Amino acid sequence: MSSVVVATEPTRDLQTIDGFFLPQLSEEELAELDWTTQSFAGAELRMPVVTPALVQVVAERLVAAQAEFLADRPVMEIADVVGRAMSRWYDAEYAPRRLAEALLPEITGYAPEMVRRGLRPYMKTFRRDRLLRFLAQDFENPLVLDGFQPNRAGGRSRAFGPRLTTQIFAGNVPGLPAWNMICALLVKSATLGKSSSQEPLFGVLVAASIAEEDPGLGRCLAVLNWRGGEDDVERAAFERADAVTATGGVRAVESIARRVPVGVPFVAYGHKVSFGVIGHEALALNRYADTARRVAQDVSQYDQQGCLSPHAVFVERNGAVDPRTFAAALAAEMARFERDRPRAVISLEESVAIEDVRSGYEFRAYEDPDATHVHASADGTAWTVVYEERPERFELSPLNRVVRVHPIDDIAEIERRLAPLRRHLQTAGIACAPDRAGSWADLLGRCGVDRVCAVGQMPQPAAGWHHDGRGSLASLVRWVDIEGAAETEFERYDPEWTAPRP
Amino acid sequence: MSGTQVPPPGPTAARPLPLGSSDMLADRVALVTGASRGIGATIARALAAHGATVAVNYLSRHDRAQEVVSEIRAGGGRAEAFAADVTDAAAVSAMAARVSERFGPVNLLVNNALREYRFDPLARRTAWDIPWEHYERQFEGSLGGAFNACRAVMPGMRDAGDGRIVNLVTDLIERPSIGYHDYTTAKAALLGFSRNLAADLGPFGITVNCVAPGLVHPTDASNRTTDQQRDELEVVTPLRRLASPEDVAGAILYFASPWSSFVTGACLFVDGGLVMR
């Protein structure tokens, strides 16, 4: 309550916390670096000033650490260690979790309750048994990461991960760097991570808890922060890497793509668009309110900033409640989510974008009140639900909890509307009877979607998801095949036939 | 969302009091028991925002009570903190005298205090192992505390021919979603006590009513319920959320205001429609 906040704020000390993870450097070496701080409401993050020379040294040592601690480590042992490290996070009293729950809201502006309730299920994605799903999803036999295993073509294959992957982390949604780092570890790659200035803390905390569990593995991780696009620093960061990954907006990803050296695999997780489709079954009188609640969660979680957040929801017409009534129920649930987990304070430009959308539709609602209706938070721009009967095209949301509801007679209608966005589509959250889910998924997959999930689960992809349509692990590895015919030929050189008898 | 922006400190902070302000209760001297934190603190602030002079009673948290007082004063209201254990009749009577001396006789009493109770749905005592002493402690706190406070203010109210008493109970008395046996039984007794009081005090122009909240969140008392339990409760509640301290204060304002002049012996459920009666 406000009284508490008023009383505690002036007395609270500004904590200084490490906003970097560099176990490869000694205390003396760290002391010689130049330092800077990034201040947030409750804390100050201390970070080294990153130079090309620093990146070079760190990259060299990461490569050395990979050879020493990771290259020959059995993959199941790595999964054990990471699983154990992540299981520490399931304890509400674990210090890094408490730190994350306290500071991430201040760093990102997201509501504390939203961060708290978002992080917990997310960290369970990395439970040991779920790490096995990551492996199983991408490798028929995960032991290919440890040695040559029989392949379908009659020979044997082994998958080599990069020695070092340079990873540009995203900052829009707390937690994402854990996915990147853990996937790299599972294919035995060290990570040189560049944290996002929007959210530089989480990657550091995850790396530190892995190091706590296994210092050797910890030395295969480094997290630094530099300004995106710093040419000489990034050149150095890409130089020693066997692969580069980047998660971010269109411009950031394109700019990195230009600087990754030719021949170095580049895995880009760029701008993506998600949406929901609600079947008439989910509009039954005993289901519609719950469906609305789930959609509201999908839209509101992390203020719609994630690529997994829906921009629009298509609602079938022939349900027990009509799409317009559903839009009203959705609006009521958006208002309730806002009570508990209010949206972050947004910039003037962002507010103006929302006001523009609202006023455009309000004007149309005035002209044709049956076809358009705007439900909006009473004060400010906290949330907006636009009911729009006949959209001209699929419009992107300005985000920050703005969602459009479009009625449809049949899911086939959305194929044409989504066509212009084909290359950018990602998650479709659906709610329909089980016997329709398969054909819906066929159609959605044809449209360009790479993830079909239930409404209410859009912000939490399952362990092992083919992120943006690719295997999170498979996209990092390089295959080496020993041809079947060669193995037969090798028989010819068996010492039994070739060595002189004593 | 850069480092220079100061984000909002919390879900309920920095938001205008949704209950508004007025001078409707300007002639009320209110005593709110257990008002240093949680629901009681919100009730104290809401009454003050509508013009009442508020005696903020507390047991031990002088600092928190003082915060409530300071906040009320900062908003232009009148308030002061008064320590007293409501289960101690002499202490309550002395407190009522001090309030009367400072502000005039109490003509609005809100019995909100209760015995320290651990609302832990996973570690509660079951029907087959709860000892009688636990019931006694809750009777002493909820019922005994209200009894002492009512006795202390009754003569003044009777002399004035006017008074409002509002007692906090719980919707668990109608729908024991979770078996907090001792707590709920004592609250049910408080409802019976209130109705009897209403019958006896009506002739003197004193109304006695109850407010029965559902699970209120966030408060110190509810923070042991799990996210999942709160979600499940929300889904079966027609208004599909939990009560906030402000929701409870809204019902208190109604019973404190002239709009409820002809209502006594009532129990108003503030639980989003979970209990309908």
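Domain bounds come from an automatic or database domain assignment. For chain A, that assignment gives domain 1 (9–271) and domain 2 (273–454). The model is predicted: local features need pLDDT of at least 70 and side-chain atom pairs count only at pLDDT 80 or more, while totals for chains, interfaces and linings use all residues. Residues are numbered from 1 along each chain as its sequence is written, and chains are lettered from A in the order in which they are written.

**Domain arrangement in chain A**

- The centres of domain 1 and domain 2 of chain A, taken over C-alpha atoms, are separated by 33 Å.
- Ten residues from domain 1 of chain A and eleven residues from domain 2 of chain A form the contact, where two residues are in contact if their C-beta atoms, placed from the backbone, lie within 7 Å.
- On the domain 1 side, helix H6 (residues 112–123) of chain A provides the largest share, three residues; helices (H or I, at least four residues) are DSSP runs, numbered from the N terminus.
- That side comprises four nonpolar, five polar and one charged residue (Ala, Val, Leu, Ile, Met, Phe, Trp, Tyr, Cys and Pro count as nonpolar, Asp, Glu, Lys and Arg as charged, and the others, Gly among them, as polar).

**Packing of H8(A) and H9(A)**

- Helix H8 (residues 176–186) and helix H9 (residues 202–213) of chain A pack at an angle of about 45°, with axes 8 Å apart.
- A:Pro177, A:Ala178 and A:Met181 of H8(A) meet A:Phe202, A:Gly203, A:Val206 and A:Ala207 of H9(A).
- Six of these contact residues are nonpolar, one is polar and none is charged.

Technical notes
Axes are lines fitted to C-alpha atoms, for helices over the stretch in contact, and angles run from 0 to 180 degrees between N-to-C directions. Helices (H or I, at least four residues) and strands (E, at least two) are DSSP runs, numbered from the N terminus.
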